[in-house]
Amino acid sequence: MHEYSVASELINALLPQVETIKGQIVGVILKKGELRILSDQALANAFELLAKGTPLEGARLLVELVPVSVSCSSCGYKGAVDHVSDEAFHFAVPILSCPKCQSEVDVQTGRELFVNRLTVQTPSETDSE
Amino acid sequence: MHNVHVNGEDILKRQLDLAGANRRLLEERKVTAISVMGAIGSGKTSLIERMIDRLTGRGLQVGTIAADSAGDDDHQRFLSHGAASINLNTQDDCHLDAHTVDHAMKHLPLDKLDILFIENVGNLICPADFPLGTVNEVVVISTTEGDDMVRKHPKIFAQTDILVLNKIDLADAVGVDPQLVVSDYSRINPHGKAVLTDARHETGIDDLLEALGFECTNTQ
């Protein structure tokens, strides 16, 4: 259950940035790398609980997945990786290896965890909807 | 409704920065730090004990950080093997983080150490998202947990550089095929190293040390 630690870091990082926002923050869009081992539901629950009493109270945490991409120093490949989607694994698992030459790779994306935008509702927007 | 863009800094940046600071400190003091993660009861402590014995036998100074929710059993075991050890109780936390490791390191004679083993809390999932600043990470599982461990936690093992399957002496008794674990692992992690060990009977310890980059001196 390290989602609570992560949600706590997320809220602490966001609070100074939302002080000047006018209106109700209704959504927090979190970009989560495919390699992160975090439950979306547990994160959302932790966020809801820890946001109470802050300007983020009532906002929904929405998770958008960032797929793995790599670069290969052996053949110069840059891009997506293959996945093992064998039934035994139940979901597709990214293979951290070059899909062209099978060499070791550097992970370029897939480990991120950041909020890149918020959705905000102001009183005038509520009137016009 | 409208969108407001915010500073897209990594949420765990503070953790990454602290881990980076730990790594720099360890490099400065010329200490090779190894993080040992794994399931409860997989044999992390026994493996570290065996490695302490071999490395001190080669004239190296070994330190340990023993993390557990409570108690100091592992810490006492490391002390009895002559390691400079610090006990770290995480209480209700399910993982170590770089900040806690930084505090623990302040109580260790880093200048005198060559190697530092950091034994994480027994937990396969949570520690994976919290880098500590070590140069190597090992994930320990054991045959008694079944031969489907890699299939049950594929995302962890897809990112694990060194996998140790311990208690191979018990494989037959629990009806587990170690090769199945190794083949599952190499399918999702073709560049990872799998090491089979039996810490109680000292099997595979040199292979593990070699996987960690310590030259084998064939003293055993």
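The model is predicted.

**The A–B contact**

The contact involves 35 residues of chain A and 30 residues of chain B. On the chain A side, α1 (3-18), β6 (93-94) and β8 (113-121) each supply at least two residues. The largest share comes from β8(A), with nine residues. By class, this side of chain A has 22 nonpolar, seven polar and six charged residues.

Strand β8(A) also pairs across the chain boundary. Four bridges join β8(A) to β1 (residues 2-5) of chain B, and the two strands run antiparallel. Leu118(A) has Val4(B) as its bridge partner. Thr119(A) stands opposite Asn3(B).

Within its own chain, β8(A) is joined to β1 (residues 24-33) of chain A by eight bridges. That pairing is antiparallel too. Here Val120(A) stands opposite Ile25(A).

| Strand pair | Bridges | Direction |
|---|---|---|
| β8(A) and β1(B) | four | antiparallel |
| β1(A) and β8(A) | eight | antiparallel |
| β3(B) and β4(B) | six | parallel |

**The sheet of chain B**

Chain B holds an open sheet of seven strands, in the order β4-β3-β5-β2-β6-β7-β8, with parallel pairing. The edge strands are β4 (84-89) and β8 (193-196) of chain B; each has a single partner strand, so one side of each is left without a neighbour in the sheet. From one strand to the next, the twist averages 20°.

Two helices lie on the strands. Helix α2(B) lies across β2 (32-38), β3, β5 (115-119), β6 (136-142) and β7 (162-166) of chain B. It runs at about 175° to β5(B). Helix α3 (residues 73-80) of chain B packs on the sheet and touches β3, β4 and β5 of chain B. The direction of α3(B) makes about 165° with that of β3(B).

**The cores**

The largest nonpolar core has 67 residues. Those with the most contacts inside it are Val36(B), Ile65(B), Val101(B), Phe117(B), Ile118(B) and Val164(B). Helix α2 (residues 44-57) of chain B gives the most to this core, with five residues.

Leaving aside residues up to four places away in sequence, Val101(B) touches Asn22(B), Ile65(B), Leu96(B), Ile118(B), Leu132(B) and Gly133(B).

A second, separate core has 20 residues. Ala7(A), Leu30(A), Ala59(A) and Leu12(B) are among them.

How values were computed
Residues are numbered from 1 along each chain as its sequence is written. Chains are lettered from A and ligands numbered from 1 in the order in which they are written. This is a predicted model: local features need pLDDT of at least 70, side-chain atom pairs count only at pLDDT 80 or more; totals for chains, interfaces and linings use all residues. Two residues are in contact if their C-beta atoms, placed from the backbone, lie within 7 Å. Ala, Val, Leu, Ile, Met, Phe, Trp, Tyr, Cys and Pro count as nonpolar, Asp, Glu, Lys and Arg as charged, and the others, Gly among them, as polar. Two strands pair if DSSP finds at least two bridges between them. A nonpolar core is a set of buried Ala, Val, Leu, Ile, Met, Phe, Trp, Tyr and Cys residues joined through C-beta atoms within 7 Å. A residue is buried if 20 or more other C-beta atoms lie within 10 Å of its own, exposed if 12 or fewer, and partly exposed in between; C-beta atoms are placed from the backbone. Axes are lines fitted to C-alpha atoms, for helices over the stretch in contact, and angles run from 0 to 180 degrees between N-to-C directions.
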